[in-house]
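Biologist: I am new to this structure and would like to learn how to read it. Could you walk me through it, one feature at a time?

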Amino acid sequence: MHVLTLADTSGIGLFFQQIENGITLGAMYALVALGYTLVYGIIELINFAHGDVFMWSTVVTLAVVQAMGITGTLTGPALVGMLLLLLLIGIVVSSGLNVAIERIAYRPLRRAPRLAPLIAAIGVSFILENAAQLWRGSSFVAFPAIFPGGGLQIGSVRINYLDIFIVVLAVILMIGLDRIIRLTRLGKAMRATAQDPEAAALMGVNIDRTIVFTFFIGGALAGATAVFYNLYIGQVWFLTGFQLGLIAFTAAVLGGIGNVNGAVLGGFLIGVIKSIAIQYIPSGFQWSDAIVFAILVLILVFRPSGLLGQRVAEKA
Amino acid sequence: MSLPTTKQRQPWRKFMQTQVSSALDTTKIAGRPLRWFLSGWRVGIIWLIVAAAVPWVLDTSLQVTAITIGIYVMLALGLNIVVGYAGLLDLGYVAFFVIGAYTMAAGSFGFIQMANGDTVAVPDFPFWILLPAGAILAGFFGVLLGAPTLRLRGDYLAIVTLGFGEIVPIVFNNVPFFYGPVGISSQPPSNIGPISFGDPSFPAPFYYLTLTLVVLIILGVISLRESSLGRAWVAIREDETAASTSGVNLVSTKLLAFGLGATVGGIGGVMNAAFTTSITPKDFSFNISITILIMVVLGGIGSVPGVIVGAILLRFFDVYLLGQVNDFIHGSPLVADSGAPLHVLAGIDFNTSKYLLYGLILVAMILLRPQGLIPDRRRTRELHGQGVSSETLSSVGTVEREEVGEEVEGIGAEDVTTYTGAGSDAQGREG
């Protein structure tokens, strides 16, 4: 889907170019994976709708850009202002949706059998996808390339400014999340709830508020990613969230679901694996989704705790 | 599991007794009149007569609709074995549907395509061989998928099955052998004497073929539910640890659920290919897996009459009612003219937005009526967190869940499980 920026079409240069592409993709996967892993860590639910929450931010930010009549590249203050506006809108849409979904669909089912909230999540995902399809149609819509082209050339590897922007901002967001979880009271409440909700509640942690906050944070990360994704891929589609959500979920599982560092590691790894697979496996693009699924199945079968996860035993 | 008592050796009698007694139960179940009307063996016979009359009273297009409904009833019953009986969420059920369909199509087409584009003639097999072959092959893949994954916890299993459901159509899409995205045509079942199954203007024979298979599958799944295997499924659904300590072999029990569910899905796939006589990988999307799941949830997870009704309602809506509604709205004078007040609706194709409605149905059902339209009694109690009374379960070693402790800030105390020792299992082990 995304246009490969090939400076050198052979040998080691191409390999490093694919790694560079993979890192940029991986930064986005990691941010979405964090949303899965945070929610799973707290309430042990695979928030199936998370990818579609992300997709809604891509759709709404596209609508904003179109409404403002922007079709080409921006520079200077206009670019900075536009990026800030889009990030704000993306974050508000995704975090708002995520919190609303928690309130409407998941909270009433918190005490229900395990599969009930998962089925509800699948239903919500279905609703979000098809509502977006109803609104924007079922074909790809182009997102204008508002970010200027150009980039650095290091040897035979080309690094676009956009890639740098995405990776740097993603890393800033990850560090910010890490600070929130480690240093703030809400972060402490999140960690306590993840360990043992009952004990946390007995210690005076407001469980409902902590869960809402978790959904808010996960949604906000997905909303920011949606803007990066629009700038990078330049295509808006109602099933984007389904595809990217599964990849990000795989990343979260690879890293060890429930583990924040694991989600970041898994995101980057999956990004690199996917871009290398697309390049080096014959007709790799058609197979790339199947490859990601195969990775997911293999991890779940041979190391369900993931690379960094510790919790192996099933909590009944 | 337990030594079967006389009662258990006669699943039919058991079924009739429970169904009839539940139909006459005047106190407990909400929506009782509907339940009485729709379940029980007498009503089953009435339904069968109604179903058998379809080709005599309905026109050809409705008969075609009835055939596709029948295929989806099979699929929903098959998924119900996995989701309803054994409590394993399978989000990739379409994989078995597609395997059955491709078995039928590739097996009867007579040609395969090599990587360089050449077609090569291969033997073609009749439907009557491919039907069991597709069922067995799908069951085989069910076991193959289940073997490494069934020790995963429930929600992981859901994702792995989803992945499988996505991979299988991708494989068919990318393998030239089966003509890739172009798809492949299938032959209708060969004639039996003067009876032709492939005549589009006279679908009655195919309809009766479908009906026969549906009836066989219904009898099969009811017998399964009442068998010791069925009770083992219920046991692992309610509490895996307790079931395992009572001597239920978790892996083989789950594998059987998966394999049998997949087998039924394969039969549905063969029938679908034989009926539509042309399939492409695009026909088998994630949406179908979810649609079948919605049929199960709508009708009542674990409830055979419920699942049948769920499949009929949703499929009838899908292939018949929705088109009518769409045409009606688009043809209405309020919408059709460009100046009409509701002209905005003209741009909406209700056929493509149906999944939005399906999603709403799924969420609404799981939130408001998780037991479905025609509930399975036992499942209802599980969903409402009530203990299952020992009298209804006199033959099953069961685990009673009790809520102990107070609510603390919205998070309930962990369920405390205690043995009631109601069944022969627990007692047998103690003695």
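**Reading the model step by step**

Modeller: Helices (H or I, at least four residues) and strands (E, at least two) are DSSP runs, numbered from the N terminus. This is a predicted model, in which local features need pLDDT of at least 70, side-chain atom pairs count only at pLDDT 80 or more, and totals for chains, interfaces and linings use all residues. Residues are numbered from 1 along each chain as its sequence is written, while chains are lettered from A and ligands numbered from 1 in the order in which they are written.

Biologist: Is A:Pro108 buried, exposed or partly exposed, and why?

Modeller: The general idea is to count C-beta atoms, placed from the backbone: a residue is buried if 20 or more others lie within 10 Å of its own, exposed if 12 or fewer, and partly exposed in between. A:Pro108 counts as partly exposed because it has 15 C-beta neighbours inside 10 Å. Its C-alpha atom is separated by 37 Å from that of A:Ala67, 41 residues apart along the chain.

Biologist: What can be said about chain A as a whole?

Modeller: Chain A has 11 helices and 4 strands, and buried residues make up 50% of its 316 residues. For overall size, the radius of gyration is taken over C-alpha atoms, and the globule rule is 2.2 Å times the number of residues to the power 0.38. With 316 residues, a compact globule would have a radius near 20 Å, so the 19 Å of chain A agrees. Along its principal axes the C-alpha trace spans about 60 × 45 × 40 Å.

Biologist: And how many helices and strands does chain B have?

Modeller: Chain B has 18 helices and 6 strands. Of its 431 residues, 46% count as buried.

Biologist: How do I read a helix in chain B, and what span should α5 have?

Modeller: The expected span of a helix is 1.5 Å times one less than its number of residues. Helix α5 of chain B (residues 60-85) has 26 residues and should therefore span 38 Å; its end C-alpha atoms are 36 Å apart, which agrees. For bends, we take the angle between axes fitted to the seven residues ending at a residue and the seven starting there. In α5(B) there is a kink of about 35 degrees, centred on B:Leu79. This helix is mostly covered, with 20 of its 26 residues buried. After α5(B) comes B:Gly87, whose phi is positive, near 70 degrees.

Biologist: Which residues other than glycine have a positive phi?

Modeller: Most residues other than glycine have a negative phi. Here, B:Tyr179 has a positive phi near 70 degrees, and B:Thr277 has a positive phi near 55 degrees. B:Tyr179 sits in the loop between α8 and β3 (184-185) of chain B, and it is buried because 21 other C-beta atoms lie within 10 Å. B:Thr277 sits in the loop between α12 (250-276) and β4 (278-279) of chain B, and is partly exposed, with 18 other C-beta atoms within 10 Å.

Biologist: Where does B:Leu130 lie, and what is it in contact with?

Modeller: Two residues are in contact if their C-beta atoms, placed from the backbone, lie within 7 Å. B:Leu130 lies in helix α7 (residues 127-149) of chain B and is buried, with 25 other C-beta atoms within 10 Å. Leaving aside neighbours within four places in sequence, its contacts include B:Thr103, B:Phe125 and B:Val270. B:Ser108 is another of these contacts, and its C-alpha atom is separated by 7.9 Å from that of B:Leu130, 22 residues apart along the chain.

Biologist: What is a nonpolar core, and how many residues has the largest one?

Modeller: A nonpolar core is a set of buried Ala, Val, Leu, Ile, Met, Phe, Trp, Tyr and Cys residues joined through C-beta atoms within 7 Å. The largest has 210 residues, and those with the most contacts inside it are A:Ala30, B:Ala76 and B:Leu362. Helix α1 (residues 11-43) of chain A gives the most to this core, with 16 residues.

Biologist: How many residues does each chain give to the contact between them?

Modeller: The contact takes 42 residues from chain B and 43 residues from chain A. On the chain B side, the largest share, 11 residues, comes from α8(B).
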